[in-house]
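Hello,

Here is the structure I promised to pass on to you. Please open it next to this email and follow along as you read.

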Amino acid sequence: MPLYAHVDQDACIACGLCQMLAPALFDYDENGIASYRPDHNTGSLALSAQQLQAFKLAYQRCPTGAITRGQQPFAPTRPHA
Ligand code: SF4
């Protein structure tokens with residue numbers, strides 16, 4: 001079953017842990033806020049089998065739960081009404 005990833009950037013505290021644990025999967029903006037690198041944090045590209053182990057480590061260790069995952073692609077972010 002495919003797995004998609006996304007960083008909730010409102011919940012990210014810029015600790016740097018995910019990039020340390022999975023540098024191929026996580027990138028940062030100028031303020032240290034993380035994003036999921038392979039699909040530019042759109043949640044549209046399924047993880048490959050080779051990426052799963054590193055992803056799970058970062059997912060489990062993120063101190064704020066900002067790294068999210070789902071079995072469907074994430075919907076595009078909509079502005080708040
Ligand atoms: S581990 Fe979590 S809180 Fe830390 S930089 Fe990554 S997404 Fe942000």
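**What I found in it**

R61 has its place in helix α2, which covers residues 52–61; helices here are DSSP runs of H or I with at least four residues, strands are DSSP runs of E with at least two, and both are numbered from the N terminus. Before we go on, please note that this is a predicted model, in which local features need pLDDT of at least 70 and side-chain atom pairs count only at pLDDT 80 or more, while totals for chains, interfaces and linings use all residues. Residues are numbered from 1 along each chain as its sequence is written, and side-chain values use heavy atoms, with hydrogens and water left out.

Let us stay with R61 for a moment. Is R61 buried, partly exposed or exposed? R61 counts as partly exposed because its relative accessibility is 46%, and the class runs between buried (under 20% relative accessible area) and exposed (over 50%), computed with a 1.4 Å probe on protein chains only. R61 and L17 are 44 residues apart in sequence, yet their C-alpha atoms are 7.7 Å apart in space.

Next comes the cavity. A cavity is defined on a 1 Å grid over the protein atoms alone, as a set of points where a 1.4 Å probe fits but cannot get out; its lining residues have an atom within 4 Å of a point. Grid points are joined across faces, edges and corners, and a volume is the space filled by probe spheres set on the points. By this rule there is 1 cavity of 30 Å³ or more. The largest cavity holds about 100 Å³ of space. Which residues lie nearest its centre? They are C12, C15, C18, A34 and C62, out of 15 residues that line the largest cavity. That lining is made up of 13 nonpolar residues, 2 polar ones and no charged ones. In this scheme Ala, Val, Leu, Ile, Met, Phe, Trp, Tyr, Cys and Pro are nonpolar, Asp, Glu, Lys and Arg are charged, and the others, Gly among them, are polar.

Where does the ligand sit? The ligand sits in the largest cavity, in the sense that more than half of its atoms lie within 2 Å of the cavity's grid points. Around the ligand there are 13 residues, the closest being C12, C15, G16, C18 and C62; a residue is near the ligand if one of its heavy atoms lies within 4 Å of it. This shell divides into 11 nonpolar, 2 polar and no charged residues.

C62 lies in the loop between α2 and β4 (67–70). With a relative accessible area of 19%, C62 is buried. C62 and Y36 are 26 residues apart in sequence and 13 Å apart in space, C-alpha to C-alpha.

Now look at a pair that meets. H6 belongs to strand β1 (residues 4–7), and N41 is in the loop between β3 (34–36) and α2. A polar atom of the H6 side chain lies 3.0 Å from the backbone oxygen of N41. H6 is buried, at 17% relative accessible area, and N41 is buried too, at 11%. N41 also has a positive phi of about 65 degrees, although it is not a glycine.

A14 is another residue other than glycine with a positive phi, near 60 degrees. A14 lies in the loop between β1 and α1 (17–21) and is partly exposed, at 32% relative accessible area.

Two last stops remain. F26 is in strand β2 (residues 26–28), and F26 is buried, with a relative accessible area of 1%. F26 and A58 are 32 residues apart in sequence and 9.2 Å apart from C-alpha to C-alpha. Q50, in the loop between β3 and α2, is exposed, at 70% relative accessible area. Q50 and P63 are 13 residues apart in sequence and 24 Å apart in space, C-alpha to C-alpha.

Happy exploring!

Technical notes:
1 Å grid on protein atoms, 1.4 Å probe; cavity = no way out; pocket = protein on both sides within 12 Å on 5 of 7 lines; lining within 4 Å. Polar contact = N/O pair within 3.5 Å; in protein donor to acceptor, adjacent residues only side chain to side chain.
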